[in-house]
Amino acid sequence: MAEPKVKYDRQLRIWGEQGQAALEKASICLLNCGPTGSETLKNLVLGGVGSITVVDGSKVEVGDLGNNFMVDESSVGESKAKCVCAFLQELNDVVKAKFIEDFPEELIETNPSFFSQFTLVIATQLVSDSMVKLDRICREANIILIFARSYGLMGFVRIGVKEHTVIESKPDHFLDDLRLNNPWPELTRFTETIDLNTTDAVVHKHTPYIIILVKIAEEWANTHGGNLPSTREEKRQFKDLIKSKMITIDEENYKEAMEASFKVFSPRGIGANLQKIIDDGGTEIDSNSSDFWVMVAALKEFIANEGGGETPLEGSIPDMTSSTELYVNLQKNYQAKAEADFLVMERRIGNLLKKIGRDPASISKTNIKSFSKNARKLAVCRYRLIEEEFNSPVQPELQKYLMDEDHGTAAGLYILLRAADRFAVNYNKFPGQFDGVMDEDISRLKTTAVGLLNDLGCNSSALSEDLINEMCRYGASELHAVAAFVGGVASQEVIKLITRQFIPMSGTFIFNGIDNKSQLLLL
């Protein structure tokens, strides 16, 4: 058997050992193992989750052979859960796999406590009523839930969790934490030992841009009443000032300083996102507060006191043109400041834990260090109950989506999927599921969709006839190509939720396979 670190080498580079450990501890339950469920779980089994439980009461039929690679002819008549489970186990023998021959709808009705044993539940191909019930069950038990559904050429994914907090959000683009516009005393003292007017061409050429910018920003502030450049004209003049310090035109470090000058102009202090988290009611902590909110409460104190309006320093610097000696000394300066800030955070967190009657050492140094380093990038995601979204979506938003050129099809498909569920309750079948009554189903689905929109207080004129016809043509089929895509999206969200890295999607995800477009509806 391959050593796990070698086996998962590529993904470890994305979510690290902590992320992989979280996956390996996770216990996942899949409801319904048609193509959408099987494809979602396949990705997670290959990623090395701890254990999986497949729940499906149906038998493999001939029709399943056309859209699910995890069953074959010899499986016909057998338990679908058993066949899919055996196939998934073959993909990764480290994962503990078991199956339960039960219909998920029955479990939801008769045995809600069944779900509380899992880290996360992936509910696929459930109709609206069952989704609403399961969402309540999982919220009360504090279990992460994700819905995934393929319906003809459309896909639906929605996360169900009261609150999800992220420390390692790993944004694609984020400003380096260099404090060029607000240097701490030790950094200022260090830059004062360096003379930008040196006549030594080699030294001049190898002074890191951080030092150049701190010194020139100070020079600028001294002649501008302590202010840094703010207008376009001032920023241009600031760049000219950097340029004027160059001795020769090929000095890369000065070119880097000009390119990075915008880092001096960025506002001091914390961004709007972090401000919102710090102002959140979650910072009023008690003995039931999560580690995240205890650390945020400590961060709030740090920013107001030792931080002087700033978060703990991250402590890393990017590559730049520099002599080795200056770069290493600069790096040490940043690391020392980050370490000092971390120690303050550790002390404050210990004090707060004591205050709420918890062990002052109950949050590990590793977690505090990671929190301090990522303090500027924290994220808090909250999701409405799906019942609230279904019964009272944000009406102006929904109306806007329906009328909007970009979101119109996605919003139409969303409404029609819900109308199809309502149709199934009324007529005991999905629209277009059986031959010979297509015209009748089209008109019934239209009436149902118009009724649903009226209930939601929306104008039904935005629903296109073509889309209604298309929804009936789907006949509630699961197409493998759509299921594989939806399964890919769902499993990616599962990994974000379990590893608590990257930011999970915020609304209801609709895949429109007609135009090959994906949209998020915030309802």
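**Reading a predicted model**

Modeller: Let us start with Pro504, which lies in the loop between helix H22 and strand S9 (508-512), where helices (H or I, at least four residues) and strands (E, at least two) are DSSP runs numbered from the N terminus. This is a predicted model, in which local features need pLDDT of at least 70 and side-chain atom pairs count only at pLDDT 80 or more, while totals for chains, interfaces and linings use all residues. Residues are numbered from 1 along each chain as its sequence is written, and side-chain values use heavy atoms, with hydrogens and water left out.

Biologist: Is Pro504 buried or exposed?

Modeller: Buried means under 20% relative accessible area, exposed means over 50%, and partly exposed is in between (1.4 Å probe, protein chains only). Pro504 has a relative accessible area of 3%, so it counts as buried. Leaving aside neighbours within four places in sequence, Pro504 is in contact (heavy atoms within 4.5 Å) with Ile159, His164, Val166, Cys381, Tyr383, Glu493, Lys496 and Leu497. By contrast, the C-alpha atoms of Pro504 and Met246, 258 residues apart along the chain, are separated by 46 Å.

Biologist: What share of the 523 residues in the protein is buried?

Modeller: Buried residues make up 52% of them. The protein has 22 helices and 10 strands, and its C-alpha trace spans about 90 × 50 × 45 Å along the principal axes. Among contacts between residues at least 6 apart in sequence, 71% join residues at least 24 apart.

Biologist: How are two packed helices described?

Modeller: They are described by the angle between their axes and the distance between the axes. The axes are lines fitted to C-alpha atoms, for helices over the stretch in contact, and angles run from 0 to 180 degrees between N-to-C directions. The axes of helix H14 (residues 291-304) and helix H16 (residues 365-373) come within 11 Å and cross at roughly 55 degrees. That makes H14 oblique to H16, since angles under 35 degrees count as roughly parallel, over 145 as roughly antiparallel, 65 to 115 as roughly perpendicular and the rest as oblique. In this pair, Phe292, Met295, Val296 and Leu299 of H14 meet Asn367, Ile368 and Phe371 of H16.

Biologist: How many residues of each class does the contact of H14 with H16 have?

Modeller: Ala, Val, Leu, Ile, Met, Phe, Trp, Tyr, Cys and Pro count as nonpolar, Asp, Glu, Lys and Arg as charged, and the others, Gly among them, as polar. The contact of H14 with H16 has six nonpolar residues, one polar and no charged.

Biologist: Where is Ala476 found?

Modeller: Ala476 is in the loop between helix H21 (465-474) and helix H22 (480-499). Ala476 has a positive phi of about 60 degrees although it is not a glycine, and at 24% relative accessibility it counts as partly exposed.
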